[in-house]
Amino acid sequence: MAQRLRPVGPEFVETAPVRLVFTRDMAAAPGAVFQALAEDLEGWPAWFSAVSSARPTEGGREVRLRGGTRFEETILAAKAPELYAYRVDVTNTPGARAWVEEWRLTPAGTGTRVRMTFALDGTAAFRLVCRLIRPGVGRAFRTAVTALDRRVR
């Protein structure tokens with residue numbers, strides 16, 4: 001059953017009870033990476049294997065993951081070529097109460113350093129599960145960024 005989450009702002013990335021932060025360097029330039037993240041939403045399933053569909057909505061996005069998880073999101077920041085962030089407003093993820101994902105892109109030589117932060121709050125069980133799945137989420141992030149790099153180079 002879908003539930004509405006607490007509306008939080010971009011500052012939640014720094015204050016969330018659970019923060020999962022992952023970093024990876026890419027050969028692609030920041031502008032190309034930003035374009036793929038923020039402007040080619042429907043292309044996400046081609047490089048992020050967990051995503052089965054993604055489409056823009058007025059002011060946000062609707063994303064579905066393999067396995068049935070759904071998100072209705074609001075874009076919080078889209079500052080080319082360095083920042084793309086969104087808040088989950090509605091999800092069917094049990095126990096979630098607040099959720100922001102932030103992609104920060106910085107030049108790294110001729111490529112890009114990508115830092116993704118999952119900022120999360122929820123029930124005690126939700127927070128525990130988020131911490132336990134950190135290694136798997138990290139692997140999914142690294143695999144996705146590698147595939148994105150191949151796609152945009």
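## Salt bridges across the fold

A salt bridge here is a side-chain nitrogen of Lys or Arg within 4 Å of a carboxyl oxygen of Asp or Glu. Arg115 makes one with Glu102, and their closest N and O atoms are 3.7 Å apart. Arg115 lies in strand S8 and Glu102 in strand S7, so the pair ties together parts that are 13 residues apart in sequence. Glu102 is buried, at 5% relative accessible area, while Arg115 is partly exposed at 31%. (Buried means under 20% relative accessible area, exposed over 50%, and partly exposed in between, with a 1.4 Å probe and protein chains only.)

By this rule the count comes to 11 salt bridges. Another of them joins Asp40 and Arg151, at 3.4 Å from N to O. Asp40 sits in the loop between H2 and H3 and Arg151 in helix H5, 111 residues apart. A network of salt bridges also links Arg6, Asp121 and Arg127.

## About the model

This is a predicted model, in which local features need pLDDT of at least 70 and side-chain atom pairs count only at pLDDT 80 or more, while totals for chains, interfaces and linings use all residues. Residues are numbered from 1 along each chain as its sequence is written, and side-chain values use heavy atoms, leaving out hydrogens and water.

## Strands and hairpins

Helices (H or I, at least four residues) and strands (E, at least two) are DSSP runs, numbered from the N terminus. Two strands pair if DSSP finds at least two bridges between them. Strand S7 (residues 96-108) runs antiparallel to S8 (residues 111-122), joined by 12 bridges, and Glu101 stands opposite Phe118 in S8. The S7 and S8 hairpin has 2 residues between its strands, and Gly109 in the turn has a positive phi of about 65°.

S7 also runs antiparallel to S6 (residues 83-91), with 5 bridges. Here Tyr84 stands opposite Trp103 in S7.

## Helices and the core

Let's look inside. In helix H2 (residues 30-39), the buried residues are Pro30, Val33, Phe34, Ala36 and Leu37. They lie on the same side of H2, because they cover an arc of only 160° around the axis, taken from the directions from the helix axis to the C-beta atoms.

A nonpolar core is a set of buried Ala, Val, Leu, Ile, Met, Phe, Trp, Tyr and Cys residues joined through side-chain atoms within 4.5 Å. The largest has 37 residues, of which Leu37, Trp44, Trp47, Trp99 and Trp103 touch the most other members. H5 gives the most to this core, with 6 residues.
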